[in-house]
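Keep the viewer open as you read.

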Amino acid sequence: MVREERTPLGASHSSKIIRRLEANIFPWIGREPINALTAAAMLATLRRIESRGRVETAHRTMQNCSQIFRYAVATGRAERDPTQDLRGALPPTKQTHFASVREPKEVAALLRAIDGFTGTFTVKTALQLAPLVFVRPGELRGARWAEIDLDAAEWRIPAERMKKRAPHVVPLSEQAVAILRELEPLTGRGELVFPGVRDRKKSISENTINAALRRLGYDRQQMTGHGFRSIASTLLNEQGWNRDAIERQLAHAERDSVRAAYNYAEHLGERRKMMQAWSDYLDGLKRGADVVPIKRAG
């Protein structure tokens, strides 16, 4: 099986794939010619992963192998992709739901708790910004000042930092801009918006936001850093905003990767209005007002 396959997904993503293959594939079939590998041989190898209770890893590994086989076909090293014969052979993965509060009163309590956070100012700012932009935790903690235009009220995340490898635009509400302007004198001279305490060249750690939520009294069954996305998705849909605009703002998977690359700014005008209305709504919740959100027909 060829080891030279590299996808343009960024160094960390490529390294993760290679480690997965080295742990689960190469020891058993790595020395076999790729054009000699059969569906039966692939299934036997994938079953070893499944037998350890790692069903999701088995699915991801099969997807990685399929990419390699397709590359081999395109370059004349193999005639077909045998993993295509294995559809349905592995048990389905269990869908993961990230814990989050959902009811408006619970969201209000969370926002007030965040404002009362007594940890570092950088972490508090990340917590305050998270519900306003609802990007993935890794995209938030890895934010660069060069990506953010406060005058234009816009954050443009490059493709290499996005999970789906397509650029993403985050319109910044007045509240989000104000939060970032307050942080800028502290971290604005460096590259990272949210640098770590010990090493300013590295962002706050993966667990920092979740640890801060635990400090505020929210356990992992109640709220996670990823949960801010669930809150926004649930409530914005309930408020009647255009589902396509919500999905685009969440940067959910676009089936056509080429379309995703060229349409990252799709629905941008409506998304700007939605993000400002969302921040205003959260402000109202935090104040304890009886908030009636603006309804937006699809």
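Is the crossing of H5 and H10 left-handed or right-handed? It is left-handed, where left-handed means that the near helix is turned anticlockwise from the far one by less than a right angle, and right-handed that it is turned clockwise. Before going further, a word on ground rules: this is a predicted model, in which local features need pLDDT of at least 70 and side-chain atom pairs count only at pLDDT 80 or more, while totals for chains, interfaces and linings use all residues. Residues are numbered from 1 along each chain as its sequence is written, and side-chain values use heavy atoms, with hydrogens and water left out.

Back to that helix pair. The axes of H5 and H10 come within 12 Å and cross at roughly 140°; axes here are lines fitted to C-alpha atoms, for helices over the stretch in contact, and angles run from 0 to 180 degrees between N-to-C directions. H5 and H10 are therefore oblique to each other, given that angles under 35 degrees count as roughly parallel, over 145 as roughly antiparallel, 65 to 115 as roughly perpendicular and the rest as oblique. On the H5 side, Val 107, Leu 110 and Ile 114 make the contact, and on the H10 side Phe 228, Ile 231 and Leu 235 do. Contact, by the way, means heavy atoms within 4.5 Å.

Leaving aside neighbours within four places in sequence, Leu 110 is in contact with Val 101, Leu 213, Tyr 218, Met 223, Phe 228 and Ile 231. Leu 110 also belongs to the largest nonpolar core, which has 56 residues; together with Trp 155, Leu 172, Phe 194, Ile 231 and Trp 278, Leu 110 touches the most other members. A nonpolar core is a set of buried Ala, Val, Leu, Ile, Met, Phe, Trp, Tyr and Cys residues joined through side-chain atoms within 4.5 Å. Buried means under 20% relative accessible area, exposed over 50%, and partly exposed in between (1.4 Å probe, protein chains only).

What lies apart from this core? Another core does, of 20 residues, among them Phe 26, Ile 68, Ala 72 and Leu 86.

Zooming out, the protein has 13 helices and 3 strands, where helices (H or I, at least four residues) and strands (E, at least two) are DSSP runs numbered from the N terminus. Buried residues make up 46% of the 298 residues. Take the contacts between residues at least 6 apart in sequence: 66% of them join residues at least 24 apart.

Now for the strands. They form an open sheet in the order S1-S2-S3, with antiparallel pairing. S1 (148-149) and S3 stand at the edges with a single partner strand each, so one side of each has no neighbour in the sheet. Two strands pair if DSSP finds at least two bridges between them; S1 and S2 have 2 bridges, and S2 (154-157) and S3 have 4. H13 lies across S2 and S3, running at about 40° to S3.

Asp 280 sits in H13 and is partly exposed, with a relative accessible area of 41%.

Most residues other than glycine have a negative phi. Ala 153, in the loop between S1 and S2, has a positive phi near 55°. Ala 251, in the loop between H11 (243-249) and H12 (257-262), also has a positive phi, of about 55°, and is buried at 11% relative accessible area.

The crossing of H3 and H4 is right-handed. Residues in this contact include Met 42 and Leu 46 of H3 and Thr 61 and Phe 69 of H4.
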